[in-house]
Structure formats: C-alpha cells, structure tokens
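Here's a quick tour for anyone opening this structure for the first time. Have a look at the sequence and the 3D view, then read on.

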Amino acid sequence: MAEKKNTAAKLKEELLMNKKNAVYSLTKKQLAACDEFCEGYKDFMDKAKIEREAVEYSEALLKKKGFVEYKKGMKLKAGTKIYRNNRGKSIIMAVIGTAPIEDGIRLCAAHIDSPRLDLKQNPLYEDNEIALFKTHYYGGIKKYQWTTIPLALHGVIIKADGTSISVNIGEDEKDPVFCVTDLLPHLAAAQMTKPLAKGITGEQLNLVIGSRPFKDDEESGSVKLNIMSILNKKYGITEADFISAELEAVPAFKARDIGFDRSMIGAYGHDDKVCAYPALMAAAECEKPVHTMVTVLTDKEETGSDGNTGLNSSYLNYFVADIAEALGSDGRTVLSASECLSADVNAAFDPTFPEVNEKNNSAFINKGVVVTKYTGARGKSGTSDASAEFTGRIRRLMDANNVIWQTGELGKVDEGGGGTVAQYIANLNVDTIDLGVPVLSMHAPYEIVSKIDTYMAYKAFKVFMAD
Ligand code: MN
Ligand code: MN
C-alpha cells in the first residue's frame, strides 16, 4: 500500500478521524467486551434507580472489594481502600496511591440523582373518589412526558418514633404501579393549542394511587381512608409520616436493549448513572495506583448541586482534607495539584432534531466517550471551561490508551445550555474537564445510550485512575 502523503485528503481524514463509528476500530472481541460490561450496567440500572439505592449498591460492592469505611485517625498507606457514605445519598471512595499525596489526586465525579417526581409533604388527597398523590418535580423535565407511563415509588419514610421505612414498590412484576393521567384527544382541543411547556403543568402531575372506598365501618366511603389503611398495614405509617419522607416516583421500566442489533440501551436515569456505574466499576477495581484515586458519586446535581449531599457543599473538600492530613499534608495543597474528570453525560446528535446542534461540535452515539471542554449557557455562563493545557493532557491520555473519544458541545450557541459539577470542583483549584457518555432523549423517562460509549467511559476512568 502506498505511503500516506500529507495531502489535503489526509488532513481531512485526520480531522474527521474521531467522527467515525467506533465499530470500525473495534475487534469482535472488543465489541463483545462492551456488550458484556453493559449487562452489569443494566442490572445496576434496575437496582439503583434513585441515589439512595445507588449508594447502597456501591457500598456493598466496595466492601466486597476490600474497601473499609473511613474513620478519622485511621492509618493510611499505599493500597489502602476506603470510602465515606454521606448520609446514604452520596458516597466517596478512595485508594491511596504510591506517590506522595502532595502530587495530587485523580478525581472522578458522577451524579446518581436523576429527574423524577417527588411527593409533596402533604401528598395524599381524594377527589371524586379517586385517591392521588401531589408531586413536585425534581430536576429539569418536560412535564408532558411524565403522564401515562407506569411509575414506581422509591425512597424512605421516617416515622414519628424515628424509625426508617424503606419503600420500593412498582418494580416487581407483581407490584402495582402508579400513573399520572392526561386528557383524551377527544376533549383536548384547548390543551392541544397550548405550547408544549404549558400543556401539562406542575400541579397536574398528580399520581393516581387508588379508587376503592373503605367500607368496614361507619366512617366508610373514603378512598383516601382506604389507602391510608393499606399503607398502615403494610408500613405501619400514619398520614403525618409523609411529612418526614422522601418518596420519589420514577419510571417503572426496566433497562432493555434497543435496536435489532442490540447496540443501545434504553433505561430511566442514564443521566448520570451511565457515568456513575463505569466510574464505580473502575474505582472498585483500582489497586495501588500511583496517584491517590478518589471517586465521588454525588446527589443533588439535577437541582443545582446545593445541599449537604451535593457537590456545591464541602463534603468532598472535607474528605480530601482528612486524607491529606492523615498522610501529613493539607487539603489545599493536595487539591491544587489534583486533576478531575467530571463524569457527566452530554447530548447526542439526534437525526430527528438536527436543528439544535452544530454538527462540527456535536457528540454522536457510537463515536466514543465525549470530552466536553465547557458547558454552560449563553456567553459560557456557569462553566469552568477547562484550560487548553488540561484538555491537551486528557487528549494525550485517551489517545495513548486507545480510548475512543470525541468532543462535543451541548447544542448550538444560544440554543439553551446546561451545567455539570465541573465548576464546583474546578472552584476548589482542581484541573477539571467533563467526560461522559452521549445520550439521546436526555432527561426523558426513558433515555438511550450506546453500549460502546458506555464501555469507553469505563475505559477512560480506568486509564485516568492508573495514570
Ligand atoms: Mn448529568
Ligand atoms: Mn441532567
């Protein structure tokens, strides 16, 4: 074969190199590895729909892999594996490296909360002999998408005496599910003239939960009473206990392969479990790295990262300071020398809606993990914008280790925008860049990702942790 010349054709080929479908550059065996990895991911998706369940799953896995709960004063040395469970809603894990801690840590950060419908504090009511729950949506949703789909309820109820009841109903095939209604088209003439954003309002996202009245005594005739009686028998709760509960209505769908070729996965909550799971797997398999590896799976990203389980709080900062001090240094020295992959999803180019993307700067499914230099909106508002130097460093790292990757920006300039936890970590004086999986129908009850991209995220975290 003739040697490739530095022609315009070759330059063009190089420019477009990372726009090729990754299938072309993977062997059969490598493709099988992607598919196999995703079997574990699908299982995780069915077991960890909300942040609390993701933390439980992670903690159990970490314990199995030899991680122990970190207590202040614990002796740390190269290879020590520790974790800290933050209130059951976020978790940090670390493996101490062989290099001095002053050389910085390798940090991966993903979030385990996803858009959903939370129950209000006084959720239960009855209207025309139908019992319903009032909800308050969590995160950015298109409200109409959450009607007429089966929903499951997950979360906890703290009873008056302080005991905690864990709730998970609607996932087992034999469980009942719940549903938000919508108008029949026959009577939706007025609704259908409204813009999409107004077709269904927040106060219309009411969950249907029952329709048979209580009829055992004089006070019968109440559907609400019947529901409370069922809940009292099942969970031992009274209506006031909803005040101290966190109940989340999430799609009752299971993760499934999508397409005749089974190349994709449909599931609720890929944002951001499709980064959290690969990061968790990479961290759990991490053995005696050079730089200390820290991975955080956080809560509250979808509502802006505020609150003590979100990354705009100090919990990560405190953890790093604790291990830095235990190893004879201090938090700010360590953080200032650290690097972070903010592991979050980006929008995948959707051929049905091409108009919102600028093709040269979009992420495509099957073209690998997407490295996003900046997120934000308008004039790069709300982003940390990784430096050219750090972007170059990640580029070299991915290329040297055959991680298939691409760049991508969240839609056209001025089309909208979004943010990640990158800015909060960068604000701790850490070199930070976003890296994650492109998603179709992001924030919908059922999102789509590619198996290859999911595996490439795992590979990216592995090589970053090992570097
Ligand atoms: Mn996200
Ligand atoms: Mn999101």
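Before we start, one term: two residues are in contact when they have heavy atoms within 4.5 Å of each other. Keep in mind, too, that you're looking at a predicted model. We'll take a helix pair, then a glutamate, then a few spots where the backbone does something worth a look.

**Where α2 meets α7**

- Two packed helices are described by the angle between their axes and the distance between the axes.
- Here the pair is helix α2, residues 28–47, and helix α7, residues 270–284: they pack at about 120°, and their axes are 10 Å apart.
- Angles from 65 to 115 degrees count as roughly perpendicular and those over 145 as roughly antiparallel, so α2 ends up oblique to α7.
- As for handedness, the crossing of α2 past α7 is right-handed.
- Which residues do the touching? On the α2 side they are F37, G40, Y41, F44 and M45, and on the α7 side H270, K273, V274, Y277, P278 and M281.
- Sorted by class, that contact between α2 and α7 takes in eight nonpolar residues, two polar ones and one charged one.

- You'll find E59 in helix α3, which covers residues 51–64.
- Is E59 buried or exposed? Its relative accessibility is 16%, and buried means under 20%, so E59 counts as buried.
- The side chain of E59 has a polar contact of 2.7 Å with the side chain of Y83.
- There's another polar contact, at 2.9 Å, between the side chains of E59 and N85.
- Leaving aside residues up to four places away in sequence, E59 touches Y83, N85 and I91.

**Backbone spots to check**

- Going from D271 to D272, the peptide bond is cis, with omega near 10°.
- D272 belongs to helix α7, one of the two helices in the pair described above.
- K300 isn't a glycine, yet its phi is positive, near 70°.
- To find K300, go to the loop between β14 (292–298) and α8 (315–326).
- N366 is another non-glycine residue with a positive phi, about 70°.
- N366 sits in the loop that runs between β16 (346–347) and β17 (369–372).
- Where does N366 stand on burial? With a relative accessible area of 10%, N366 is buried, because the cut-off is under 20%.

Terms used
Residues are numbered from 1 along each chain as its sequence is written. Chains are lettered from A and ligands numbered from 1 in the order in which they are written. This is a predicted model: local features need pLDDT of at least 70, side-chain atom pairs count only at pLDDT 80 or more; totals for chains, interfaces and linings use all residues. Side-chain values use heavy atoms; hydrogens and water are left out. Helices (H or I, at least four residues) and strands (E, at least two) are DSSP runs, numbered from the N terminus. Buried means under 20% relative accessible area, exposed over 50%, partly exposed in between (1.4 Å probe, protein chains only). A polar contact is a pair of N or O atoms within 3.5 Å; within protein, one must be able to donate a hydrogen and the other to accept it, and residues adjacent in sequence count only if both atoms are side-chain atoms. Axes are lines fitted to C-alpha atoms, for helices over the stretch in contact, and angles run from 0 to 180 degrees between N-to-C directions. Angles under 35 degrees count as roughly parallel, over 145 as roughly antiparallel, 65 to 115 as roughly perpendicular and the rest as oblique. A crossing is left-handed if the near helix is turned anticlockwise from the far one by less than a right angle, and right-handed if clockwise. Ala, Val, Leu, Ile, Met, Phe, Trp, Tyr, Cys and Pro count as nonpolar, Asp, Glu, Lys and Arg as charged, and the others, Gly among them, as polar.
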